[in-house]
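Open the model in your viewer and keep the selection panel at hand. The stops below go one at a time.

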Amino acid sequence: MPLVLLQIVLAFAVDPGPARFGATVPQRVLDSGLTLMGPGQLSWRPLPLCAPKDQCWVEVAVSGTGRRVRMQLGGPAPLSALQHKDLAMARDEATTAVHERTSEWHFADGTVDTQRVLTFASDVEWRGEKYTAGEMLTEESEGLPRRCLSLLTLPRVQFERMGLLPPAGRLGQEVRAHLRRAAAALVELPGRRGAGDYARSGGVVTNLEFDTTLALLRLALALGDETLLLAARRSALHLCDRDIDSRTGLPFQHGPDHRINAPAPGHAWLQGLLWMGALCADERMLTVAAQIARGLASAPPMAQGSGERARDYAWPLLELESYLQLRPDPVVALAATEMALAIAARYRPELHTFCFGEGSFTEGDGYFERGWLSAGVVLPALRAHLARRPDPELRRAVDDVTAALLERIGQGRGGLPTHWRIVRGGTFAEHRAERDPKAFFMLEALPVADLRQLLQRSHVQRGLSETPALDDPDLATSFTMIARCAWVYR
């Protein structure tokens, strides 16, 4: 037997019942096939996603196996043991049109998973809860959400190769331990309409602001926590069901209800949804992520003067570049390139930052620098763009801004700087924060070696410790801002 047939390409544990999820495997699987080592039935198929070099994305489904599963090269062709059916229908309940799509997954061991997605064509009260026109409701058979839990038994290097987590380390160990406690204190909104979303002070529905799905997912994979993984999946489904505006393709902003405040490119996040779609092999999540990406691509920032905001440029760029990492799209790629060029045009070398109208002084040529946005959003977005489209001039600008931020953070005073005013040759009115989620954003753009040195300094440690507070009235938002940061998982 050729040696290639003995190579193990995927190993994981299985809960009672079948398992089904998405993962990356060597590219040669597409030619050689996959087979199980030991008892059970296997089904697999390629997924339409980009993977790192010499890798490809596949959906795998197994049933009738023991606790531990190993898969090797060589074996059956795609979709050999799993049937997937989509059934669509429309029916009238009372006076309200309810459009229903049912998906079924039939496993070789006789297990059948069912998912029904109801779409409400007009405002309606449904089983004791009020829904507005355009909302959806996902109903699933009991075992379906747990099919993805085998992901937690994959080696962490899987998620590092994908680009979802950075290389493992101890830099953020204390932060992660506290985030576990903060996550346990989160309370989802009540009812099926609220499931997967959270509230903050003032009765505001967060609409998963700052990408709660991504925060929960990263923390779940880093800690191997199934409760967090299932919470991340509920948040992804909530976004699909509740928060999408069909006209723009973007999520509604946070507000007094899920669908009150108008969508805005600076308040749209798709990374968590995209990754959940990939890891759960969920085509609907991937479709909605594509809808958001196209919505961002068709809504460039238009504000001028003091209304021009960094987040309206940088958040969309970060999301579009993250989308392109998994799904090529020429329309999205062009929009991302234009967004990066627009940010690059705002580089002020004498101030060592990218300047937007919101920070301009009413007099003179100084600038109010929101350092937490520059470090946590603008620079990561530009670095993601440079990974796709190298540009030496833009790289020099990014390095210059990074060096200026590093110098400001490294000054050994209390807390970490989050915003300040700058003029040629000087800085003043600096605000240094302690136990503020914005301080975590300040570290997101820093090189690992510099980050390691900074985290050894007492003023930096004080600024980050025990954050967020477990009684924070904005706990969901604060948790999300911190747990989404990639450096926390180093």
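A polar contact is a pair of N or O atoms within 3.5 Å; within protein, one must be able to donate a hydrogen and the other to accept it, and residues adjacent in sequence count only if both atoms are side-chain atoms. This is a predicted model, in which local features need pLDDT of at least 70 and side-chain atom pairs count only at pLDDT 80 or more, while totals for chains, interfaces and linings use all residues. Residues are numbered from 1 along each chain as its sequence is written, and side-chain values use heavy atoms, with hydrogens and water left out.

Select Asp391 and Glu393. A side-chain oxygen of Asp391 lies 3.0 Å from the backbone nitrogen of Glu393, capping the N-terminal end of H12. Helices (H or I, at least four residues) and strands (E, at least two) are DSSP runs, numbered from the N terminus.

Next, select residues 392-410, which form helix H12. Its 19 residues should span 27 Å at 1.5 Å a residue, and the end C-alpha atoms are 27 Å apart, so the two agree. The expected span is 1.5 Å times one less than the number of residues.

Move to strands E18 (residues 416-423) and E19 (residues 426-433). They run antiparallel, joined by six bridges; strands pair if DSSP finds at least two bridges between them. Select His419 to find it opposite His431 in E19. In the hairpin, two residues lie between the strands, and Gly425 takes a positive phi near 85°.

Last, select Glu369, whose bridge partner in E18 is Trp420.
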